[in-house]
Amino acid sequence: MQTIKGASAHLALAPTRKFLQSDAGSHPSHSILFPICKRVSLLWSSGNRRSKMQQGVAKTAAAAASTFENGKNASYLTDPAELIKSVETFIFDCDGVIWKGDTLIDGVPKTLELLRSLGKRLVFVTNNSTKSRKQYGKKFETLGLTISEEEIFASSFAAAAYLKSIQFPLEKKVYVIGEVGIQKELEQAGISYLGGPEDGDKKIDLKPGQLMEHDHSVGAVVVGFDRYINYYKIQYATLCLRENPGCLFIATNCDAVTHLTDAQEWAGGGSMVGAVKGSTKKEPLVVGKPSTFMMDYLSKKFQIEKSQICMVGDRLDTDILFGQNGGCKTLLVLSGVTTLETLQSPENTIQPHFWAHQLSDLLSAQKLANV
């Protein structure tokens with residue numbers, strides 16, 4: 001597995017100019033654009049010193065280290081208090097953990113209130129790129145939850161943050177297969193873009209001799225969940241990636257399914273990414289889970305050690321793997337995609353530290369708040 005080590009505060013991943021002037025999707029010497037769909041990780045060296053609070057939490061975590069050993073079959077979370085005391089930050093997936101579609105999962109408000117009362121930092125990470133952080137803030141508010149924009153990290157934000165981290169040239173543009181969430185985050189980052197919902201109604205007249213033109217200043221194609229994907233978008237992205245030297249192929253996530261409603265699962269962003277992979281024969285750089293890009297970003301932003309984080313999610317191959325790749329403790333909840341049968345299947349190779357029925361199982365640690 002390839003990793004990138006020794007990065008500076010500016011993420012010295014590769015010289016930007018050289019990188020953008022070569023075909024990073026096909027040349028093996030360019031380690032930036034590697035197939036994270038195959039679990040390749042981006043690593044920052046944190047170099048951050050522990051605070052006094054972190055040191056105290058670390059002692060608790062060390063005492064419970066044998067309980068939290070990776071690689072063992074997951075057991076039911078019988079002692080939530082021990083887990084809560086061993087970490088200082090909880091990272092939550094949203095779909096399937098906090099809500100399903102537009103419906104809040106039972107017990108979530110009280111659980112979040114309990115964790116805050118115990119001094120825990122809460123962060124919400126989602127692979128859904130259809131909204132910006134500000135838009136997600138409004139969704140939380142609609143559901144009756146008070147969450148600040150600084151506590152929300154969507155894959156739409158991750159795509160823009162990654163481009164900024166490699167100093168994406170100002171004269172270059174991004175072609176978007178996705179929705180307004182990606183556009184708003186790119187705009188916030190000062191990055192020019194085209195495509196997105198505006199291309200949703202465009203069609204191609206395949207008459208004899210038809211030639212489709214494209215913008216040669218496009219330096220990156222970002223693909224996220226897109227309910228309005230069409231042949232025009234796929235062809236435009238294909239031309240950019242094939243014909244624009246050094247054009248980056250970035251995916252917000254490769255999720256197979258998503259929760260658009262609470263009635264059933266729907267085809268996820270991975271189906272859109274797969275279409276472009278198929279036409280270009282290139283692997284994308286994935287910035288959402290299970291890539292560690294967002295984990296590294298959060299660790300640096302909040303100056304916390306990853307061992308003091310618990311990742312809570314409903315998917316094994318994204319949420320739990322995201323936590324494991326980042327060196328965090330992991331808690332699987334069965335309120336979303338994964339069933340107990342899937343978790344305990346001999347074919348499943350991804351085991352969290354613990355599993356619970358839903359987030360509110362943590363409420364049995366209520367006695368901690370009264371100590």
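## A helix pair

Helix H6 passes helix H7 in a right-handed crossing; a crossing is right-handed if the near helix is turned clockwise from the far one by less than a right angle, and left-handed if anticlockwise. Helices (H or I, at least four residues) and strands (E, at least two) are DSSP runs, numbered from the N terminus. This is a predicted model, in which local features need pLDDT of at least 70 and side-chain atom pairs count only at pLDDT 80 or more, while totals for chains, interfaces and linings use all residues. Residues are numbered from 1 along each chain as its sequence is written, and side-chain values use heavy atoms, with hydrogens and water left out.

Two packed helices are described by the angle between their axes and the distance between the axes. For H6 (residues 155-165) and H7 (residues 180-188), the angle is about 35° and the axes are 8 Å apart. Axes are lines fitted to C-alpha atoms, for helices over the stretch in contact, and angles run from 0 to 180 degrees between N-to-C directions. Contact means heavy atoms within 4.5 Å. On the H6 side, Ser-156, Phe-157, Ala-160 and Leu-163 meet Gly-181, Ile-182, Glu-185 and Leu-186 of H7. These residues divide into 5 nonpolar, 2 polar and 1 charged (Ala, Val, Leu, Ile, Met, Phe, Trp, Tyr, Cys and Pro count as nonpolar, Asp, Glu, Lys and Arg as charged, and the others, Gly among them, as polar).

## The sheet

An open sheet is formed by 7 strands with parallel pairing, in the order S1-S16-S15-S14-S2-S5-S6. Two strands pair if DSSP finds at least two bridges between them. Strand S1 (75-76) and strand S6 (152-154) are the edge strands, each pairing on one side only.

Strands S2 (residues 89-92) and S5 (residues 121-126) run parallel and are joined by 4 bridges. Helix H4 (residues 108-117) packs on the sheet and touches S2 and S5, its direction making about 135° with that of S5.

## Leu-122 in strand S5

Leu-122 lies in strand S5 and is the bridge partner of Phe-90. Leu-122 counts as buried because its relative accessibility is 1% (buried means under 20% relative accessible area, exposed over 50%, partly exposed in between, with a 1.4 Å probe and protein chains only).

Leaving aside neighbours within four places in sequence, Leu-122 is in contact with Phe-90, Phe-92, Leu-112, Leu-115, Arg-116 and Glu-151. The C-alpha atoms of Leu-122 and Ile-147 are 9.0 Å apart, with the two residues 25 apart in sequence.

## Cysteines

The structure holds 0 disulfides, a disulfide being a pair of cysteine sulfur atoms within 2.5 Å. Cys-94 is buried, at a relative accessible area of 1%, whereas Cys-254 is partly exposed, at 31%.
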